[in-house]
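Thanks for making the time this morning. Please have a look at the sequence and the fold on the screen before I start talking through them.

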Amino acid sequence: MRLELPMITLRTLLLSAGAGLIALLVVGCSTVKSGTLSPGMTPAQTVQSMGEPDLKDSIADPNHNGATVLRYVWLEPGKAAIFGSDERLASVQDVETNTKERVEEQAHAEAVASGPPQQFDPIQTPLDYFFYPVKAATIYFGAGLNCAASAVCQKPHLPSPSSG
């Protein structure tokens with residue numbers, strides 16, 4: 001008994017690859033919001049163009065004392081729309097956002113500054129926590145003796161329980 005498999009022709013393969021690329025392009029373009037903001041737009045028009053804003057708030061009107069104006073902020077494109085008292089777009093500002101790369105750089109810098117991570121010792125760490133009250137009592141007793149002997153009384157500094 002012989003099993004026959006259908007042979008894929010070059011034409012079928014190219015058509016399938018082309019359809020896949022078109023589908024990928026459509027999906028990729030549909031997720032990107034590249035709206036534009038222009039002066040005079042209403043809040044509804046800006047939402048239609050840019051999508052729902054990440055932040056909606058009221059800020060002090062730079063042209064009038066005591067008045068507030070509406071501000072919409074979109075973090076991904078880094079744009080802020082400030083509306084005037086007539087509910088029309090008065091100005092567009094660029095907003096600096098913490099991009100993923102910047103956050104990763106900051107986390108890496110903090111990790112380097114804090115030194116190497118402490119290793120968890122399955123025997124020593126529980127013992128450190130178990131004997132911490134004895135260590136703290138000894139430190140306070142020594143501080144009390146120092147206070148009585150030299151009349152220099154200070155509250156002692158206790159190390160963290162995991163610092164051996």
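I will go through the sheet, then the helix lying across it, and then one further helix.

Please keep in mind throughout that this is a predicted model. The sheet is an open one of four strands, in the order β1-β2-β3-β4, and the pairing is antiparallel. Since β1, residues 55-60, and β4, residues 89-94, stand at the edges with a single partner strand each, one side of each is left without a neighbour in the sheet. From one strand to the next, the twist averages 25°.

Let me take the strand pairs in turn. Strand β2, which covers residues 68-74, runs antiparallel to β1 and is joined to it by six bridges; across this pair, Lys56 stands opposite Tyr72, and Asp57 stands opposite Arg71. On to the next pair, where β2 and β3 are antiparallel over four bridges, and here Tyr72 stands opposite Ala81 in β3. These two strands form a hairpin with four residues between them, and Gly78, in the turn, has a positive phi of about 70°.

What lies across β2, β3 and β4? That is helix α2, made up of residues 43-50, which runs at about 5° to β2.

Finally, there is helix α5, residues 132-150, where we can check the length: at 1.5 Å a residue its 19 residues should span 27 Å, and the end C-alpha atoms are 27 Å apart, so the two values agree. After α5 comes Ala151, whose phi is positive, near 60°.

Notes:
Residues numbered from 1 in each chain as written. Predicted model: local features only at pLDDT ≥ 70, side-chain atom pairs only at ≥ 80, totals over all residues. Heavy atoms only, no water. Pairing = 2+ DSSP bridges. Axes fitted to C-alpha atoms, helices over the stretch in contact; angles between N-to-C directions. Contact = heavy atoms within 4.5 Å. Expected span 1.5 Å × (residues − 1).
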